[in-house]
Amino acid sequence: MPVPAVPRCPGRSLPRSGHSRRTAGARGSFCGGSRSAGGGRAVGPGARRGQASGRALDSLDRGRRGRIKQAGGRLRCSCRGGRGAEPPPGLAQMEPRSSGVAPGGVSVSAVLPAGGSGERLGGATPKQFCAVQGRPLVSYAVWAMERINWISDIIVVVSPENIETMKTIIEKYGHKRVTVVKGGITRHRSIFNGLKVFAEDEFSCHLLQKPEVVIIHDAVRPFVEEDIVSKVVMAAKEHGAAGAIRPLVSTVIASAADGCLDHSLERARYRASEMPQAFLFDIIYEAYQQCTDYDLDYGTECLHLALKYCKTNAKLVEGTADLWKVTYKQDLYAAESIIKDNLSQQVCVITNVKETLGQVGFLLPESLKSQVKVEAISISLSKNDSCLQNIISEQCYNFVCINDKRCAIQETQELVDMLEKSNIPLLYPVVLISVHLDSSENNSFSIGMEDLTTIKKFARETKKKNILVYGLLIQHKDPLLLQETVNSAAALIMALIKDRNPELIGQLLVA
């Protein structure tokens, strides 16, 4: 289950999008294309007619792979089976599983504009395709919507040159219920294209069922909780339009023609408009139909369009601090830091049943518990233990294997095999730390160069599977210093888990 490499930002050059502030001509059209194997589909006039719209799929059913079935003349991807894996705890998308019932009983779909060029970010790669922990930013935003199983369809609008890139992302990361749409040259034109999938007669061959409420959310806002999405949807059902807001951080000022201060706004009276926003579909679609070219080319605020053209006053919903938008390069680093920190919240410590490991096998988890949630189990990895299988199915991303063998590659390989056989996609790098115990009385280094070479070779191979293998040697010759040594080992383990540095794989640290 290897996860494909994605360019870090700045990295391998991807085509720049056409989103600019220039005056546009004709409105953007949809692209032609076929459905990708992973559930994404590029829509176009060339597709077959008569396709019935699909029901919402539970994106959290990761226990079995989605299967492709033919329905009404085109391939549709469904995901069937029992309860599957959920993401690591702590990320914004990782709250309890959705109930499957939309707020207020309305039908809901989402449109994610993802056609920006990322000029403020710098570099050749648009920010939505920049990698955060090896995974493109847009994938996080799609998954945030996908995990809410009462959202029927997710429309991702990208620039024409990035359609194939987006379809590849959908396939590689197993996204479901996603339609890829060709964007326009500005943000509003792209959103309008996304809405047309539900309403334009010339595209009725796709027959995506028109939702009562449509969510609009930026593809570069990776952290959004279901709770705020639900609140915005409920407010839109009642008021016609709604959007998340946050307090202003800085005071807004206006400058005069000579570049000097003209006036400032009273910060307490104003709010920053954020995403997600939600609308009764008929209201926002009518607003876009009535838009002038100036609005489509230079406007940015969807709530304003609903007010200007449909006289709909949006309900403003106080949002959470994690709704921020990735705009500059430092925002990518901040997003990666958040994800790393949240991936570090749980670790599974595995010890063999041998008596020699008992003391360290107890002390090390206890030392780690002061910093992280610990699942400690004492088993032989050669056995198919249900407890360990359950931990893997919950997508724990950190494992510590304690053994007293000189070079325990075999035990580490068995855990790697278990991860692979679970068929659970590793959306983030897994950290696997093999802890070697050395209680010998001599002062010589207990692991030779041949063993170190074997560890490094093994680590390079597992890295291709998105598994980062590290080695840690605990030397506990003096029983009186055992607790201090274990504490040092715990500190090294937490550093490896939090940093997740692929440059250190195969290294053997000594505590």
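In this predicted model, the sulfur of Cys310 sits 9.1 Å from the closest cysteine sulfur, that of Cys291, which is too far for a bond. A disulfide here is a pair of cysteine sulfur atoms within 2.5 Å, and by this rule the count comes to zero. Cys401 is in no disulfide either, its nearest cysteine sulfur being that of Cys348, 7.7 Å away. Cys401 is also buried, at a relative accessible area of 4% (buried is under 20%, exposed over 50% and partly exposed in between, with a 1.4 Å probe and protein chains only).

As for the ground rules, local features need pLDDT of at least 70 and side-chain atom pairs count only at pLDDT 80 or more, while totals for chains, interfaces and linings use all residues. Residues are numbered from 1 along each chain as its sequence is written, and side-chain values use heavy atoms, leaving out hydrogens and water.

Turning to the strands, E7 (residues 151–158) and E8 run parallel and are joined by five bridges; strands pair if DSSP finds at least two bridges between them. Ile154 has Val178 as its bridge partner in E8. Between E7 and E8 the chain passes through helix H2 (residues 163–172), making a right-handed β-α-β crossover, i.e. clockwise from the first strand over the helix to the second with the strands pointing away from the viewer. Helices (H or I, at least four residues) and strands (E, at least two) are DSSP runs numbered from the N terminus. Strand E8 (residues 178–182) has four of its five residues buried, so the rest of the structure largely encloses it.

Thr462, in helix H12 (residues 449–463), counts as buried at 1% relative accessibility. Beyond its neighbours within four places in sequence, Thr462 contacts Val416, Ile467 and Val469, contact meaning heavy atoms within 4.5 Å.
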